[in-house]
Structure formats: C-alpha cells, structure tokens
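Colleague: I have some questions about a model I have just opened. Could we go through them one at a time?

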Amino acid sequence: MSPRRPAPEESPSLVAEIEGYRRDPEFLATLRGRDFRFRTAWGLFSPREVDLGSALLIEHLDEVGVTEGADTVDIGCGYGAIGLVLASMAPRGETWLLDKDFVAVERARLNAEANHLTNVKAVLSNGLSAVPPGRLFDVATANLPAKAGNEMLTLILADAHAHLKPGGRLTVVTTNALRRFIERMFEELFGNSEKVKQGRLHTVSMAEKR
Ligand SMILES: C[S@@+](CC[C@H](N)C(=O)[O-])C[C@H]1O[C@@H](n2cnc3c(N)ncnc32)[C@H](O)[C@@H]1O
C-alpha cells in the first residue's frame, strides 16, 4: 500500500500559500502621468500589472481625441485599467465599464472609488447587451477578448458601432494575429480603418463612425 498523502491542512506551507491567494493582488501604475491604484483578483486578466496591449492602447489615447466632456465606454473592462484612464481624461462625461465577469465589474467599481473617479458606471454586460439602445458614446475602447471567438467579436464591433455618436471612434487593441480580421471588420462596419500603432505583439486599430 502506498503511504498516505498528507491532507492539505497538515502542510503549513500550503496553508500559508492558500491564505496568500485569498488576498487580492494590488498594484500601483502610472498611466498618462496619473497614478492609479488597482485591486484585482486571481483569475482576472493580467492581475499583477497592466497588460502590455492595454498599456499600448492607453499610450495612444491622444490619437483618439478624448475630450473632457466625452462619453466613453470600455468593453471588456476587467478591473478597469483602460476604462478608468478614460474616465480620468473625460471628467465631465460619463464612462461605462462593461464586462461579462461579475468579479471584474465588482473590482472595476471598487477601483473607480479608490481612484476618486465618480463619473463611472461599471455594469455586467455581454458585449454591449446592458447598454440601452439610445445610449451613445463619443469614444469606445476594448482590449478585445480574443478567446471569445470571431462571432462574439463581430457582435461586439457591430454593437460598438451602433452605440457611437456620428464622429465617434472605436479603438481596439488585439494581438497582431487578429489585426487583419479587425481591419476587415472595421472596413465593413465603418467604411474605414486606421492602424494607430503596431508593436511587437499588439496592434492598436481605430475606426470612425461617419
Ligand atoms: C483581454 S481582457 C482585457 C481586460 C481589461 N480591459 C484590461 O485591460 O485589463 C478581455 C476582457 O473581456 C471580458 N470579456 C470576454 N468576453 C466578453 C463578453 N462577451 N462581453 C463582455 N466582456 C467580455 C473578459 O472577462 C476580460 O475581462
């Protein structure tokens, strides 16, 4: 008979490790010259630091033209890295943060409060399903969930187009592998597509509703 394996509670180091995981990761990040504090959760996207693709999109928000009074939406907000930067750039507008993961929405809400951003609405939403039909935005952003599949991505892009004001812009970041798909979808939905920046791993793409 093989020797009995110790129960988890018999291993102090494992108990300590598990207890450690019960504490949410937290970190500070300076984004566009402003310090943000993010509380995340294990299992959320990029819980230890702002993702490189999101950081690339944030770096290029100047090209998007976010005004102080802009109404903005970040689709697939996670714990709020992109959306809270949008909210800080548009303090007189309203910023919606959408995610289909309730833990992400909860953390996005907490992070808005922790960073003193009061113009934020964090909502549980499959794509833009929770946004009422008449609610239109000046700016939409997304670090698109590549694993959602092309069908869901197409729905997200089409619904983002429907929820933009004339002249409104959708800016997305994807891995370079998805760049051509985004370009094709932007051309079909918006009639235009601009490559804002292509990095080693990610591409930031933008389209304008005309
Ligand atoms: C690549 S992560 C980006 C997260 C966050 N914006 C960031 O920069 O850290 C994509 C996010 O989209 C969310 N997501 C996936 N499918 C979705 C859907 N159908 N509707 C809304 N959000 C979705 C995931 O839960 C995840 O938080």
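Colleague: Which residue in S2 is the bridge partner of Phe 27?

Modeller: Keep in mind that this is a predicted model. Strand S1, residues 26-31, and strand S2, residues 34-39, pair in the antiparallel sense over 6 bridges. The bridge partner of Phe 27 in S2 is Phe 38.

Colleague: Which residue takes a positive phi in the hairpin of S1 and S2?

Modeller: The hairpin of S1 and S2 has 2 residues between the strands. A positive phi near 50° is found there at Arg 32.

Colleague: Are H5 and H6 parallel or oblique to each other?

Modeller: Two packed helices are described by the angle between their axes and the distance between the axes. Helix H5 (residues 149-162) and helix H6 (residues 179-190) have axes 11 Å apart and pack at an angle of about 40°. An angle under 35 degrees would count as roughly parallel, and 65 to 115 as roughly perpendicular. H5 and H6 are therefore oblique.

Colleague: Which helix and which strand each supply at least two residues of the shell around the ligand?

Modeller: The ligand is surrounded by 21 residues, with Phe 45, Ser 54, Gly 76, Gly 78 and Pro 145 the closest. The shell has 9 nonpolar, 8 polar and 4 charged residues. At least two residues each come from helix H3 (81-89) and strand S4 (95-99).

Note on methods:
Residues are numbered from 1 along each chain as its sequence is written. This is a predicted model: local features need pLDDT of at least 70, side-chain atom pairs count only at pLDDT 80 or more; totals for chains, interfaces and linings use all residues. A residue is near a molecule or strand if its C-beta atom, placed from the backbone, lies within 6 Å of it. Helices (H or I, at least four residues) and strands (E, at least two) are DSSP runs, numbered from the N terminus. Ala, Val, Leu, Ile, Met, Phe, Trp, Tyr, Cys and Pro count as nonpolar, Asp, Glu, Lys and Arg as charged, and the others, Gly among them, as polar. Axes are lines fitted to C-alpha atoms, for helices over the stretch in contact, and angles run from 0 to 180 degrees between N-to-C directions. Angles under 35 degrees count as roughly parallel, over 145 as roughly antiparallel, 65 to 115 as roughly perpendicular and the rest as oblique. Two strands pair if DSSP finds at least two bridges between them.
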